[in-house]
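Subject: Structure handover

Hi,

Here is the structure we talked about.

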Amino acid sequence: MNKSSLASGLYKLSQKERLTFVKEFANLTDEEAALLQNTGSLPLDLADRMIENVVGAIPIPLGLGVNFLINDRDYLIPMAIEEPSVVAAASYAAKMVRDGGGFHTSSTPPIMIGQIQAVGMKDPYASRMRVIKAKEEILRKANDQDPPLVSAGGGARDLDARVISTSQGLMLITELHVDCRDAMGANAVNTMNEAVAPLIERITGGRVYLRIISNLATKRLVRASCVVPKKSVGGEDVVDAIVSAYAFAAADPYRAATHNKGIMNGIIAVIVATGNDHRAIEAGAHSYAAVSGRYTSLSVWEKNESGDLVGSLELPMAVGLIGGAVKTHPIARIAVKILGVKSANEFGEVCAAVGLAQNLGALRALANEGIQRGHMSLHARNIAIMAGATDELIDKVASKMVEERKVRMDRAQELLDKYKATGKI
Ligand code: MEV
């Protein structure tokens with residue numbers, strides 16, 4: 001029978017009642033229900049205060065990206081990700097980059113854009129002029145909302161107003177430029193947006209609908225670059241292959257999507273480890289990749305006069321070190337401590353370096369032996385474990401499957417059966 005998922009007020013139930021609800025709905029065993037509630041380092045009552053309708057927590061592996069030298073300083077990179085090979089590839093690439101002096105990074109001030117949508121004006125273009133003229137009053141009203149941000153050196157700095165043509169006619173979009181300092185900024189910006197909306201209505205004579213931050217954070221950019229000696233990357237042929245892989249991504253959106261996914265593999269792993277908003281970062285990165293009107297590669301790879309590989313990456317990075325899960329999640333706090341970053345800008349720059357390393361790791365593997373070999377050896381271990389291998393048998397079964405290029409459950413089972421019968425793989 002199809003059970004109903006209608007459950008108004010689920011959030012008001014106790015943990016126990018909620019567990020009973022999901023247990024009955026999904027026929028969970030006692031063991032499964034207990035596992036769900038075994039939330040380890042994120043206590044259930046804390047998880048319960050973070051989101052709604054909580055029934056458990058899902059742990060993901062936290063690995064360490066190593067070898068990172070960024071602006072002459074060594075960093076250990078906490079990376080939370082379910083995908084094999086990502087941490088290894090980033091570390092391997094960081095080692096190659098280290099041979100060329102490491103990563104060099106920079107960033108703009110941490111300015112986020114808040115959008116206020118006004119519709120129905122008789123004179124949208126003249127409204128725009130009036131909004132721009134009233135800039136000081138609007139900014140004052142915005143800054144009144146967040147004295148702590150202002151005293152930390154941040155706050156609404158500037159505004160812009162654009163008339164856009166839509167299927168519903170002309171609209172006036174006022175944009176607040178808010179220096180968010182070490183916050184990601186969504187709360188600060190949205191509060192300011194909402195506070196200035198009545199002012200915008202009064203000035204324009206229009207009606208304000210949306211008042212929300214933009215994730216296309218073009219005023220909060222981070223940049224990383226590196227030189228990889230040709231010897232470290234595997235010779236000039238490999239340099240050429242990587243430059244050609246970049247040219248492919250720059251020219252073709254189908255390839256660019258995967259190329260950029262590779263960059264985000266590293267960045268999102270750090271973002272997740274530190275409890276930051278990975279959806280905001282993904283949205284910002286991919287929309288920035290299309291900001292010219294055509295989706296393209298976020299990174300650039302070139303060959304310099306000496307035949308060495310030169311990489312650069314620029315993307316929006318709305319990260320924070322204060323507020324939200326970054327502060328409440330105990331593991332996120334430890335991850336930030338491992339990173340040792342002192343400001344959101346420094347953090348964002350480290351993320352750019354990790355993204356560039358991840359991209360290099362993927363392109364080097366693709367340009368050489370392909371990614372499957374690296375992927376497969378880790379995957380093979382998982383398959384061996386799932387087939388029932390334990391202790392040293394895990395590696396034996398896994399290596400045999402990789403050697404035969406038959407990384408499959410049925411083959412793992414056959415090998416284990418053979419071992420049981422003969423004592424050999
Ligand atoms: C896999 O997670 C990421 C890659 O596909 C990235 C790329 O193709 O550049 C290997």
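This is a predicted model: local features need pLDDT of at least 70, side-chain atom pairs count only at pLDDT 80 or more; totals for chains, interfaces and linings use all residues.

**Overall**

The chain has 18 helices and 10 strands. Its C-alpha trace spans about 85 × 70 × 40 Å along the principal axes. Of the 425 residues, 44% are buried. Take the contacts between residues at least 6 apart in sequence: 70% of them join residues at least 24 apart.

**Around β1**

D72 has a positive phi of about 65°, and it is not a glycine. Most residues other than glycine have a negative phi. D72 is exposed, with a relative accessible area of 64%.

N67 also has a positive phi without being a glycine, here about 75°. This residue sits in strand β1.

I60 belongs to the loop between α3 (44-50) and β1. At 41% relative accessibility, I60 is partly exposed too. Its contacts, leaving aside neighbours within four places in sequence, are A80, E82 and V272. I60 and M79 are 19 residues apart in sequence, and their C-alpha atoms are 9.9 Å apart.

**Aromatics**

Searching the whole structure gives two aromatic pairs. One of them is F68 with F103, and it is stacked: 5.7 Å centre to centre, with 15° between the planes. F68 lies in strand β1 (residues 62-70) and F103 in the loop between α4 (86-99) and β3 (104-107), so the pair ties together parts that are 35 residues apart in sequence. Both F68 and F103 are buried.

Not counting residues up to four places away in sequence, F68 touches R73, D74, Y75, I77, A90, A94, R98, F103, A353, V354 and A357. Two of these residues, R73 and Y75, also meet each other: the charged end of R73 sits over the ring of Y75, 4.2 Å from the ring centre.

**Cores**

The largest nonpolar core has 61 residues. Which members touch the most others? They are F68, F103, L315 and L360. Helix α15 gives the most to this core, with 10 residues. A second, separate core has 32 residues, including L149, V163, V178 and M184.

**Helix α10**

Helix α10 (residues 236-251) has 16 residues. From first C-alpha to last it reaches 22 Å, close to the 22 Å expected at 1.5 Å a residue. The buried residues of α10 are V238, V239, I242, A245, Y246, A249 and A250. These cover an arc of only 140° around the axis, which puts them on the same side of α10. D237 and A251 are exposed, on the other side of the helix.

What do the buried residues of α10 pack against? The partners are α9 (230-233), α11 (253-273), β9 (299-303), β10 (309-316) and α15 (344-367).

**Two more positions**

N260 lies in helix α11. Is N260 buried or exposed? N260 is buried, with a relative accessible area of 0%. Neighbours within four places aside, N260 is in contact with H286, A289, Y295, T296, S297 and L298.

Q413 is in helix α18 (residues 409-422). Its relative accessibility is 35%, so Q413 counts as partly exposed. The C-alpha atoms of Q413 and A389 are separated by 8.8 Å, and the two residues are 24 apart along the chain.

**To recap**

F68 turns up in two places: in the stacked pair with F103, and among the residues that touch the most other members of the largest core.

Best wishes

Note on methods
Residues are numbered from 1 along each chain as its sequence is written. Side-chain values use heavy atoms; hydrogens and water are left out. Rings of Phe, Tyr and Trp (its six-membered ring) pair if their centres lie within 6.5 Å; planes under 30 degrees apart count as stacked, over 60 as edge-to-face and the rest as tilted. Helices (H or I, at least four residues) and strands (E, at least two) are DSSP runs, numbered from the N terminus. Buried means under 20% relative accessible area, exposed over 50%, partly exposed in between (1.4 Å probe, protein chains only). A charge sits over a ring if NZ of Lys or CZ of Arg is within 6 Å of the ring centre and within 35 degrees of the ring normal. The expected span of a helix is 1.5 Å times one less than its number of residues. The arc is that of the directions from the helix axis to the C-beta atoms. Contact means heavy atoms within 4.5 Å. A nonpolar core is a set of buried Ala, Val, Leu, Ile, Met, Phe, Trp, Tyr and Cys residues joined through side-chain atoms within 4.5 Å.
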